[in-house]
Amino acid sequence: MGSYYYLMSSFPSLDLKTAPTVSLRDFIQAVTAQLSEKEASALLEILSDEPSCVKGAAADYLRWDKAVRNALVKLRAGGESAADCREGESIPSAAATAAALMKIDSPLKAEQFWDSERWNYLENLKTGHCFDFDAAALYALQLRIAERNARFRVDTGERNYTELYKTVIDQASKSGV
């Protein structure tokens with residue numbers, strides 16, 4: 001595991017409430033040029049849709065993230081043992097986050113809260129990782145969240161939600177539910 005003093009210090013700090021000035025794509029391109037082939041593969045794996053064989057601080061985050069998602073599935077299923085849950089451990093802080101998410105009425109506020117919780121979890125994991133592979137991996141994960149958060153548009157989201165809700169209600173009416 002190498003040290004990446006210049007690389008990590010050359011990227012801007014990130015803030016969840018501000019659109020990032022560097023894209024995840026540009027970050028990956030720059031950082032993978034500096035990493036060993038093994039580390040570059042590991043970084044791309046961490047950012048994949050279904051990561052496996054992830055180690056280090058990113059693995060801690062991904063375990064927690066999966067636990068929150070699984071807890072949400074169970075809560076949405078009425079607390080039943082949901083068959084749709086992916087295997088994963090139960091983490092008390094994840095269950096608490098899921099419970100808090102379920103109490104939020106606004107889809108936008110729920111997404112913002114979820115992003116904030118993920119951001120804070122990553123912030124806590126960054127302790128002791130300033131210029132190593134874990135720092136690069138955690139930065140990439142936070143950058144992905146910051147980019148996602150910057151794309152939220154209230155008017156577009158409300159319009160899409162209203163259209164989707166209307167479609168669901170219409171289909172339910174047609175099927176007699």
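Keep in mind that the model is predicted. A search of the whole structure turns up 8 aromatic pairs, and the count of salt bridges comes to 7.

**Helix 6**

- As background, an α-helix has 3.6 residues a turn, so residues three or four places apart point the same way.

**Aromatic pairs**

- One of the 8 aromatic pairs joins phenylalanine 11 and tyrosine 139: the ring centres sit 5.9 Å apart with the planes at 45 degrees, so this pair is tilted.
- This pair links distant parts of the chain, with phenylalanine 11 in the loop between helix 1 (5–9) and helix 2 (24–34) and tyrosine 139 in helix 7, 128 residues apart.
- Phenylalanine 11 counts as buried at 14% relative accessibility, and tyrosine 139 counts as buried at 10%.
- Tyrosine 61 and tyrosine 121 make another tilted pair, with ring centres 6.4 Å apart and planes at 50 degrees.
- Here, too, distant parts of the chain are linked: tyrosine 61 is in helix 4 and tyrosine 121 is in helix 6, 60 residues apart.
- Tyrosine 61 is buried, at 4% relative accessible area, while tyrosine 121 is partly exposed at 23%.
- Tyr61 and Tyr121 belong to one aromatic cluster together with Trp64 and Trp114.

**Salt bridges**

- Arginine 148 forms a salt bridge with glutamate 111, and their closest N and O atoms are 2.2 Å apart.
- Because arginine 148 lies in helix 7 and glutamate 111 in helix 6, the pair ties together parts that are 37 residues apart in sequence.
- Both partners are partly exposed: arginine 148 has 25% relative accessibility, and glutamate 111 has a relative accessible area of 28%.
- Arginine 148 also meets aspartate 115 in a salt bridge, at 2.9 Å from N to O.
- That link again runs from helix 7 (arginine 148) to helix 6 (aspartate 115), 33 residues apart.
- Aspartate 115 counts as buried, at 0% relative accessibility.
- Lysine 126 pairs with glutamate 123 in a salt bridge, the closest N and O atoms being 3.0 Å apart.
- Lysine 126 is partly exposed at 28%, and glutamate 123 is partly exposed at 32%.
- Through shared partners, salt bridges join Glu111, Asp115, Arg118 and Arg148 into one network.

Terms used:
Residues are numbered from 1 along each chain as its sequence is written. This is a predicted model: local features need pLDDT of at least 70, side-chain atom pairs count only at pLDDT 80 or more; totals for chains, interfaces and linings use all residues. Side-chain values use heavy atoms; hydrogens and water are left out. Rings of Phe, Tyr and Trp (its six-membered ring) pair if their centres lie within 6.5 Å; planes under 30 degrees apart count as stacked, over 60 as edge-to-face and the rest as tilted. Helices (H or I, at least four residues) and strands (E, at least two) are DSSP runs, numbered from the N terminus. Buried means under 20% relative accessible area, exposed over 50%, partly exposed in between (1.4 Å probe, protein chains only). A salt bridge is a side-chain nitrogen of Lys or Arg within 4 Å of a carboxyl oxygen of Asp or Glu.
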